[in-house]
Amino acid sequence: MNAGHDSVELRERIRRWGVELGFDAVGFAPAVAPPGYPNLLSWLENGHQAGMGYMSRQAEARSHPRHV
């Protein structure tokens with residue numbers, strides 16, 4: 001078995017397991033920096049987070065999945 005086939009098989013196993021657990025949808029996304037992150041920083045700098053202080057405190061974690 002090659003790595004590509006293993007990846008497809010693993011995704012299908014995870015998808016089936018999610019459905020068995022009651023999830024309506026199961027999907028996959030690449031672990032990359034979100035393209036809108038600079039917009040978030042601008043939004044925070046402009047004070048739009050109001051009472052959601054956690055948005056500023058967690059800004060770095062939102063920059064890339066490796067920071068979570």
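Me: What makes Met55 and Arg62 count as residues that Leu40 touches?

Reply: Contact requires heavy atoms within 4.5 Å, and by that criterion Leu40 touches Met55 and Arg62, when residues up to four places away in sequence are not counted. The model is a predicted one, in which local features need pLDDT of at least 70 and side-chain atom pairs count only at pLDDT 80 or more, while totals for chains, interfaces and linings use all residues. Residues are numbered from 1 along each chain as its sequence is written, and side-chain values use heavy atoms, with hydrogens and water left out.

Me: Why is the set of Tyr37, Leu40, Leu44, Met55 and Ala59 called a nonpolar core?

Reply: A nonpolar core is a set of buried Ala, Val, Leu, Ile, Met, Phe, Trp, Tyr and Cys residues joined through side-chain atoms within 4.5 Å, where buried stands for under 20% relative accessible area, exposed for over 50%, and partly exposed for what lies in between, with a 1.4 Å probe and protein chains only. Tyr37, Leu40, Leu44, Met55 and Ala59 make up the largest such core, with 5 residues. The largest share of this core, 3 residues, comes from helix α2, residues 37-45; helices here are DSSP runs (H or I, at least four residues), numbered from the N terminus.

Me: How do you know that the buried residues of α2 line one face of the helix?

Reply: The buried residues of α2 are Tyr37, Leu40 and Leu44. Seen down the axis of α2, they fall within an arc of 50°, so they line one face of the helix, the arc being that of the directions from the helix axis to the C-beta atoms. The face turned away from that buried side carries the exposed residues Pro38, Asn39 and Glu45, and what covers the buried residues of α2 includes α3 (53-57).

Me: What makes His64 count as buried?

Reply: His64 is found in the segment after α3, and it counts as buried because its relative accessibility is 13%. Leaving aside neighbours within four places in sequence, His64 is in contact with Ala31, Val32, Ala33 and Pro34.

Me: How do you know that Glu12 forms a salt bridge with Arg15?

Reply: A salt bridge is a side-chain nitrogen of Lys or Arg within 4 Å of a carboxyl oxygen of Asp or Glu, and the closest N and O atoms of Glu12 and Arg15 are 2.4 Å apart. A search of the whole structure finds 1 salt bridge. Glu12 and Arg15 are 3 residues apart in helix α1, so they are separated by about one helical turn. Glu12, at a relative accessible area of 33%, is partly exposed, and so is Arg15, at 28%.

Methods:
Helices (H or I, at least four residues) and strands (E, at least two) are DSSP runs, numbered from the N terminus.
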